[in-house]
Amino acid sequence: MGGTNRPFHPVLMFEFCADPKAIDGLKWMACYLTTPKHQQFYFSFLIVLALIAGTAPLVMLLGFCGAFMRRSAILPIKWLGHIYTSMVRGVPDIVFFLFVPIAMDQAFEYTRHRILCPEVTEPVYRGNDFVVCTAAKLPLSSSPQWVHETYGFILAMIAFAVVFGAFAANTIDGALRAVPKAQLETARAYGMSERQTFWRIHLPQMWTFALPGLSNLWMVLVKSTPLLFLLGIEDIVYWARELGGTKTSFFEYPHPDWRAWYFLSLLIFYLLLTWVSEKAFAALTRRVSRGMATQGGKDATAGNAAEPEIAGARL
Amino acid sequence: MSCSQAIADYGLRAIGIGLRQLPKSDITLCDQIVLIGSGMLWNIYFAFFAVILGFFFATFLAVCRASQSKLFSKPAEWFIFLFRGSPLFIQFFFAYETFVLLPRAGIDIPLGFMTVTIATGWLTKAWLGALIVLFLNTSAYSAEIFYGALKSVPRGDLEAADAYGMSGFIKFRRIVWPTLLRLAWPSYTNEAIFLFHATTLVFFSGFPAWRQEGDSLYYASYFAEKTFNPFIPYPIVAVYFIISTVILILLFSIFNRKLNRHLAPEKQTRIRYRPQLMR
Amino acid sequence: MKSLIIGVVAAAFTATVAFADSHAVRMGTEGAYEPYNFINDKGEVDGFERELGDKLCEIAGYSCTWVKNDWDSIIPNLTSGNYDTIMAGMSITDERKEKINFTEAYFPPDPSAYVSLAGADAEVINGNVAAQTNTIQAGHVSSSGATLVEYATPDETIAAVRNGEADAVMADKAYLRKLVEESGGELEFVGEDVMLGTGIGMGIRKSDEEMLAKFNAAIQQLKSDGTINTLIEKWFEMKGPY
């Protein structure tokens, strides 16, 4: 799914880099670390951050859907909600990641094929080939490379959202249950309707209880981004492997196997990212639980630290 | 449909017993189910040993982390942060890249009276190298859980122990540890489940497969590649994992009941396949 | 208002047709098997196949873009339509021919060779031999009596020999040559070369017969006018037999 034409234009950083054979030492290193290929590597860090930022709202959306399905009074919907959340928990995420994007891609193209090319009578599955008409291709073959990459990226985002949405549903469902009954009964006693009770009391109160679980989920989401690599997206793992490998004189900057160094830089990047997130969530928790006479209000993080819901998921 | 031929050929293929060649053409459903099933042996192996060994190391780490002395608490804290703060996937890559840099012949550690040679060759093999990573990783995650539980051990229990004149190790062994386990067990169950799931990453990261012996996902992706149809092998893996996860939960529940048997029914903690956040 | 809507719909429709008509072809490659294909320091696909592929596209009248894909999933992604051709140093074999079509070979059958650390016994080719997953070499090793160690990328197979993880690596000789030359005596060829496969061709979906014919004609043309020879000499520092 990856490609060569990036939507950004690399530049030659230093004048003296024009002839890499003639330089050495620090200059060589400065030139090496600023090659257009390295710039793509640095750009891919942004891709990772974009994935996290883009997926988080989708996760919340699916989380709420899942939670409300589980709380539904209509039995089939309730079961569906339970099947969704427990299935994702019973199966390794990576299996979903390998499976969901392909399934979605084929489903989209199949639907478009049926709508856009009704005149084609040959089957879509021909032997090993999955053939849809040219107009049904998603994206079209003629689209520029960045469209293809964005499409692959969106598929990845949906796959992530499906998996983490199930975890979020668990957390939100649990948090909704955890809001003290007395508060809701009081709201009704004040004459609030079901809807008012939900929007004015139940939902705002829920956040305190959901936050530890959600912060945990965020961490897991951050740490699962290297799996983008398995989805064929040129993320930081792809570039670390590509750049770190032994380079012969076919390349302008030949060097031996440096993969350990590149992976070390990834390790540090993730440690920084989780460290910053941890601090941010600690601040947020203090804020949300201000004035709450609950377990969360007293000591939201410590009180729940013993039982973070998906502390184990790590990827 | 009888899979006896496939079982004879590939039932233990993942550990090197059976046909040498993997099925190449005319791949049947039997082949897929059996071979992926034999790959599950690896997942179970990794999970079993990592969890068992990790359990003890995690307890040790949690106690260190809770120690008054910075000499103990800081290193434990850093260790936990290092392994919980970075993706397991990167840990696998990095560990493999580092293990292969070690000298092949082994490392000599002079102990004065004798020299111990540590064989490093095995470290680059998945069965040991990946197991070590998984072990350290689960230790860090479990230690965090145990540490949280350790801090929640009721003060009254500890004071009662003091009053009985218990101290040091006896107090830990008889009072702190059982309570810690009871409090941590539901979360620890989750941790074990996720560790089990994480074993599928081993052959997708740095560690190479030898003689085409790999775990369930390795074979599933082999089939997906050979048959061009991901819609069969991956769901097979999923079913295997759902079954194994249910068994795992049952085992942990039995132990949980044992931990809780002295409590009144309404006070017992139950392992729920649901958020454990709210208690 | 109505006519406006019709106009817009019509424009959208014709736009689709225009897209469908254009000869956009996506060329899949691995980008990690120099000199066949690799990602140069500019971050672009480069190498023998890039240069040849661009020429072929020009003759066949296609406008081509290059797409990178991991080797493991390079055939499935072709059949599912993520790109339209494979030019990735892929040998033509009967097993692959069952799944996709190949153009005629644009590169002659090249021997596969073993490489090990300098000074190793010739017996190493029966020991632990590294090869890239799903290559003809991996197939050969697993049936040769040696122990196959599989890696996802060619680069990792070489690293495995360097650090002693594997006793030898098996790959296309053209790929190994430069690595051996520039290893400063660390690596050397070992054992006999083995001829596997029947040359390297461009992989195309079975359902795309028109494209197959066009590319075959283009390859014919470049063979007869000597262009392929020149390219082989340029990239492989050897004489092409075409």
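In the predicted model, helix H3 (75-90) of chain A and helix H9 (233-260) of chain B each supply at least two residues of a nonpolar patch. This patch lies on the surface and is formed by Leu75(A), Trp79(A), Ile83(A), Met87(A), Ile242(B), Val246(B) and Leu250(B), which together have about 670 Å² of accessible area. The greatest contribution comes from H3(A), with four residues. Among the residues from the other chain, Ile242(B) lies in helix H9 of chain B, and this residue counts as partly exposed because its relative accessibility is 32%, a value that falls between the limits of 20% for buried and 50% for exposed residues.

When the contacts in chain B between residues at least 6 apart in sequence are considered, 71% of them are found to join residues at least 24 apart. The accessible surface of the chain amounts to about 12700 Å², and carbon and sulfur atoms account for 67% of that surface.

A search of the whole structure identifies three disulfides over all chains. In chain A, a disulfide is formed by Cys117(A) and Cys133(A), whose sulfur atoms are 1.6 Å apart; the link is right-handed, with 65° about the S-S bond. Distant parts of the chain are linked by this pair, since Cys117(A) is placed in the loop between helix H4 (93-116) and strand E2 (125-126) of chain A, while Cys133(A), 16 residues apart from its partner, is placed in the loop between strand E3 (129-130) and helix H5 (145-178) of chain A. Both cysteines, Cys117(A) and Cys133(A), are buried.

In chain B, Cys3(B) is joined to Cys30(B) by a disulfide with an S to S distance of 2.0 Å. The torsion about this S-S bond is about -80°, and the disulfide of Cys3(B) and Cys30(B) is therefore left-handed. This pair also links distant parts of the chain, with Cys3(B) in the segment before helix H1 (4-10) of chain B and Cys30(B) in helix H2 (residues 29-65) of chain B, 27 residues apart. Cys3(B) and Cys30(B) are both buried.

In chain C, the disulfide is that of Cys57(C) and Cys64(C), with the sulfur atoms 1.9 Å apart, and the link is left-handed, with -95° about the S-S bond.

The buried residues of H6(C) are Pro154(C), Asp155(C), Glu156(C), Thr157(C), Ile158(C), Ala159(C), Ala160(C) and Val161(C). The helix is followed by Gly164(C), a residue with a positive phi, near 85°.

Notes. Residues numbered from 1 in each chain as written. Chains lettered and ligands numbered in written order. Predicted model: local features only at pLDDT ≥ 70, side-chain atom pairs only at ≥ 80, totals over all residues. Heavy atoms only, no water. Buried < 20%, exposed > 50% of the residue type's maximum accessible area, 1.4 Å probe, protein only. Patch = residues over 30% accessible without salt bridge, like charges linked within 9 Å, V, L, I, M, F, W, Y side chains within 5 Å. Areas by Shrake-Rupley, 256 points an atom, 1.4 Å probe, with all protein chains shown as cover. Salt bridge = Lys/Arg side-chain N within 4 Å of Asp/Glu carboxyl O. Contact = heavy atoms within 4.5 Å. Disulfide = S-S within 2.5 Å.
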